Amino acid sequence: MGPNGAGKTTLLKLLSGEMKADSGSIVYAGQTVGHLRQETEEVGAAATVLSEAMTAFQEVLNLESEEQRLIQEMDEHPDHDTDSYRRLMTSFDTVHQKLLAADIHLIQPRTEAVLSGLGFEAEDFERELSTFSGGWRMRVALARLLLRQPDVLLLDEPTNHLDIDSIDWLEGYLKTYPGTVVLVSHDRYFLDRMVDTTVELVQGQLTEYAGNYTFYLEDRIIRREHQKSAWQNQQKFISENERFIERFRSKNTKATQVQSRVKMLDKLELIPPPPSDEASISFRFPEPPRAGRTVMELEQFSKSYESEDGPIPVFHRAGPLQIDRGDKIALIGRNGAGKSTLARMIMGTETFDGERIEGYQVKTTFFAQHQAESLDRKQTALDALRSEAPDRSETELRTLLGAFLFRGDDVFKPIGVLSGGERSRVALARTLASPANLLILDEPTNHLDIQSIAVLAEALRQYSGTFVIVSHNRHFLDQVVSKVWRVSSGGVEEFSGNFSDYLWQAEHGTKRATELKDSASLRPRPAVQGASSTSQGNGKSSDSGSGPKTKEQKRKEAEERAALRKKKIKKSGSRAGGLNDYQLKIEYSKVETEVEKSETIVAELEAQLADPSLFADPVRGKTLMTKYEAAQKVLDAHTKDWEKLAEEMGERGLDP
């Protein structure tokens with residue numbers, strides 16, 4: 001861990017031997033080291049997905065070629081009774097035994113299994129690698145590295161180009177990996193589930209923490225407080241001795257003491273000052289115009305793409321889908337399932353068979369990674385933002401750029417000199433600067449560090465509009481969304497709650513598609529079992545989901561859940577009984593509304609009771625007092641429920 005620019009990638013390059021240290025030494029003690037870089041590598045024009053991944057076994061493949069050469073020489077040898085032929089046979093036997101020991105017959109099944117786990121389908125294996133995007137080529141590089149099984153595996157942002165299912169598969173694979181894994185990642189969920197040691201790199205110094213990312217955050221506070229206290233005490237000690245030396249330097253009677261203290265300070269091992277906490281950066285979206293209650297509707301729709309081999313279906317009679325004002329929707333699914341296609345359909349830039357109905361006063365903004373390439377290369381980062389939001393002050397624009405790692409004079413850098421990741425961050429900042437009431441964000445957290453992701457998450461939590469987000473960052477989705485749309489099998493399945501709620505529903509809930517139950521199949525299987533049958537490739541799916549539910553099915557399921565919740569509440573004697581975190585938040589909000597309504601009623605009745613004219617009508621006064629007492633009882637009951645729910649939320653560490 002460490003802030004951007006601290007040297008994490010440089011450290012991995014030093015460990016892998018790609019860079020040489022200016023001083024010191026790195027001792028390998030016989031271990032092999034494999035390194036996955038952030039940038040893609042050049043590949044041969046004729047290399048296929050399978051052939052490139054199988055280069056992990058290059059030594060074995062060379063032995064196989066040698067075996068074939070020896071077979072050909074023996075077939076062409078004119079005399080089988082000569083010493084030269086017997087030498088050929090001996091060489092062939094040696095090579096053949098090595099191939100058997102290397103399990104040559106399992107190489108291709110193992111390779112196909114890993115490729116499938118990383119999202120490739122069987123028909124992709126023989127496609128030329130050059131026809132795939134950089135993200136898919138990175139998956140092949142990762143597959144090759146995993147198949148090599150080096151003793152030390154160095155992974156630089158391994159989840160950047162993976163979908164949620166592939167990340168889940170990778171987690172399972174790495175948990176059983178026989179060697180050591182060192183990784184740099186901005187995926188908090190991945191870090192918390194994967195690592196048992198965290199090393200922080202700050203100001204050129206490495207500090208080790210014996211736990212995952214959450215443990216590191218908690219322990220870092222304690223350590224820095226101790227370091228700050230020790231540093232302050234030492235600074236006070238140094239200051240006092242320096243004052244003594246300065247005061248008595250010229251006095252002969254104090255010369256011995258002065259010299260003693262000078263030597264002591266020279267030998268003193270200085271405690272470094274604690275790293276300054278990263279500046280608290282925040283921004284808020286400009287208040288968007290208020291849209292109608294229904295923001296967007298997609299009637300039942302279908303979508304396919306034409307190819308040389310015929311139409312490739314993406315959606316078939318999917319939907320209908322509806323986006324209401326205030327919805328915070330995560331769009332998830334395997335790469336190629338149609339997430340980005342659906343996002344463009346919602347935006348209105350993708351044609352499809354069906355009807356798109358836009359709500360009243362809807363203003364839409366769309367962010368996708370490719371938008372970075374359309375920026376004016378001559379503009380500075382600040383100018384690019386100012387042209388999109390001319391009404392916002394320079395302070396606001398620079399604060400927004402600062403949230404996405406452009407600090408100080410970085411805002412004056414021309415777009416043309418920025419890296420691809422930096423241009424993507426400028427494009428995202430431009431998207432967020434405009435006051436739209438429907439945001440469609442396609443992988444907005446790519447190229448952001450953990451602090452910037454936290455800034456974006458906080459801004460989205462405060463955003464009063466509606467958004468749809470395509471993302472594989474599970475911790476980020478947990479923080480910001482209230483609905484999940486899962487794209488698979490040519491359809492879209494809707495789940496209430498954040499990503500954790502979706503996982504719970506997929507495993508335990510009544511809305512359970514076949515494709516969503518196969519989480520076990522996403523775990524790595526022994527390589528000899530061959531390729532996984534649950535992979536998702538480019539626009540094609542092997543999922544067997546149950547398809548969209550009818551309104552009647554949804555109504556029955558809602559009634560069943562409501563009845564089950566009432567039963568649990570009755571049994572527990574509390575409105576919090578049997579509720580998961582998401583349901584507890586909903587119940588808390590509902591009771592809070594009931595309290596507010598009851599308070600309004602009580603206040604109105606109190607105002608009427610305070611009217612002096614009431615004393616002239618005793619019957620009306622008695623009736624009003626009865627209503628007031630009844631309303632006060634209702635308010636007390638609601639308040640009691642609200643306090644219990646608030647206490648339960650506090651015990652679970654949930655924010656209202």
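Predicted model: local features only at pLDDT ≥ 70, side-chain atom pairs only at ≥ 80, totals over all residues.
The secondary structure of the protein chain consists of 20 helices and 16 strands. Of its 656 residues, 43% count as buried. Among contacts between residues at least 6 apart in sequence, 69% link residues at least 24 apart.

Helix α3 covers residues 58-76 and packs against helix α4, residues 83-101. The axes of the two helices lie 9 Å apart, at an angle of about 155 degrees. Because angles over 145 degrees count as roughly antiparallel, α3 and α4 are assigned to that class. The crossing of α3 past α4 is left-handed. On the α3 side, the contact is formed by Val-60, Leu-63, Glu-64, Glu-66, Glu-67, Leu-70, Ile-71, Glu-73 and Met-74. These residues meet Tyr-85, Leu-88, Met-89, Ser-91, Phe-92, Val-95, His-96, Lys-98 and Leu-99 of α4. By class, the contact of α3 with α4 comprises 11 nonpolar, 2 polar and 5 charged residues.

The length of α3 agrees with expectation: at 1.5 Å a residue, its 19 residues should span 27 Å, and the end C-alpha atoms are 27 Å apart. The buried residues in α3 are Val-60, Leu-61, Glu-67, Leu-70 and Met-74. Val-60, Glu-67, Leu-70 and Met-74 also belong to the contact with α4. An α-helix has 3.6 residues a turn, so residues three or four places apart point the same way. The cover over the buried residues of α3 includes α4 and also α5, residues 107-117.

The crossing of α12 past α13 is right-handed. Ala-381, Leu-382, Leu-385 and Arg-386 of α12 make the contact with Glu-394, Leu-397, Arg-398, Leu-400 and Leu-401 of α13. The contact of α12 with α13 divides into 6 nonpolar and 3 charged residues, with no polar ones.

Helix α7 spans residues 164-175. From first to last C-alpha, its 12 residues reach 17 Å, close to the 16 Å expected at 1.5 Å a residue. Of these 12 residues, 11 are buried, so α7 is largely enclosed by the rest of the structure. The buried set comprises Ile-164, Asp-165, Ser-166, Ile-167, Asp-168, Trp-169, Leu-170, Glu-171, Gly-172, Tyr-173 and Leu-174.

Several features of backbone geometry occur in loops. A cis peptide bond, with omega about 5 degrees, joins Gly-319 to Pro-320. Pro-320 is placed in the loop between strands β8 (312-318) and β9 (321-324). Glu-443, a residue other than glycine, has a positive phi near 50 degrees. Glu-443 lies in the loop between β13 (438-442) and α15 (450-462). With a relative accessibility of 16%, Glu-443 counts as buried, the cut-off being under 20%. A positive phi, near 55 degrees, is also found at Ser-489. The loop that holds Ser-489 runs between β15 (483-488) and β16 (491-496). At 35% relative accessibility, Ser-489 counts as partly exposed.

Key
Residues numbered from 1 in each chain as written. Heavy atoms only, no water. Axes fitted to C-alpha atoms, helices over the stretch in contact; angles between N-to-C directions. Helix = DSSP H or I, 4+ residues; strand = E, 2+ residues; numbered from the N terminus. Parallel < 35°, antiparallel > 145°, perpendicular 65-115°, else oblique. Left-handed = near helix turned anticlockwise from the far one by under 90°. Contact = heavy atoms within 4.5 Å. Nonpolar A, V, L, I, M, F, W, Y, C, P; charged D, E, K, R; others polar. Expected span 1.5 Å × (residues − 1). Buried < 20%, exposed > 50% of the residue type's maximum accessible area, 1.4 Å probe, protein only.
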